[in-house]
Amino acid sequence: MKFKYYFAKDFQTSDKHEIETLRTHYYRNRKEDVMDIVIEMAKSLKAKVKSVDEERGEIIFDHIDYNACATITAVSYYEIAVDFNVFTYNILPNAFGKKVIEKFYKQIDAKLEVKGIGLHR
C-alpha cells in the first residue's frame, strides 16, 4: 500500500482499484436482498442509516468515526455490484477507511454468495 493511503480520509472502491481489497464485489443475489443485508450490516456496526434510495441503489449511513455510502448496482438480474465510499473523521486516519471497507465486505461476503471481485476491468 502506498504511503499516501495512510493519510487519506476518503476511500472508494472500484473495479480497477490498485489495492486489491478495495475492488468491487459482485454477488449472485437479488438487489433487494443485497440492500437488506447492507442495511442490517450497518445497524450491526452501530451506524445510523440516514437515507435509502432504492431507485439509485444508495444507502447512506453515519457512524461516530465515519460516514459511508453503499452503492448497489444490478449488472444483471442475478449479478449485483456493491461499492463503498467511506469518509473518516480521524485526524491521523492510518488507512482507517480501508479497514472499514474490508470489514463491510467481510460481513457481506459471509451472508451472500460471492460471484467475484473486480470482474469488469
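The model is predicted, so please read each distance below as a computed value. Side chains of opposite charge can pair when their charged atoms come close. In this structure the count comes to 7 salt bridges, and a few of them are described here.

**The Arg30 network**
- Arg30, Glu32 and Asp33 are joined in a network of salt bridges.
- Within that group, Arg30 pairs with Glu32, and their closest N and O atoms are 3.6 Å apart.
- Arg30 is partly exposed because its relative accessibility is 30%, a value that falls between the 20% and 50% cut-offs.
- Glu32 also counts as partly exposed, with a relative accessibility of 41%.

**A link between two strands**
- Asp62 and Lys50 form a salt bridge, with 3.5 Å between the closest N and O atoms.
- This pair links distant parts of the chain: Asp62 sits in strand β4 (residues 58-62) and Lys50 in strand β3 (residues 48-53), 12 residues apart.
- Lys50 has a relative accessible area of 55%, so Lys50 is classed as exposed.

**A pair within helix α2**
- Glu102 forms a salt bridge with Lys98, and the closest N and O atoms lie 2.6 Å apart.
- Both residues belong to helix α2 (residues 96-111), where a spacing of 4 residues puts Glu102 about one turn of the helix from Lys98.
- Glu102 is partly exposed at 26% relative accessibility.
- Lys98 is buried because its relative accessible area is 15%, which is under the 20% cut-off.

Technical notes:
Residues numbered from 1 in each chain as written. Predicted model: local features only at pLDDT ≥ 70, side-chain atom pairs only at ≥ 80, totals over all residues. Heavy atoms only, no water. Salt bridge = Lys/Arg side-chain N within 4 Å of Asp/Glu carboxyl O. Buried < 20%, exposed > 50% of the residue type's maximum accessible area, 1.4 Å probe, protein only.
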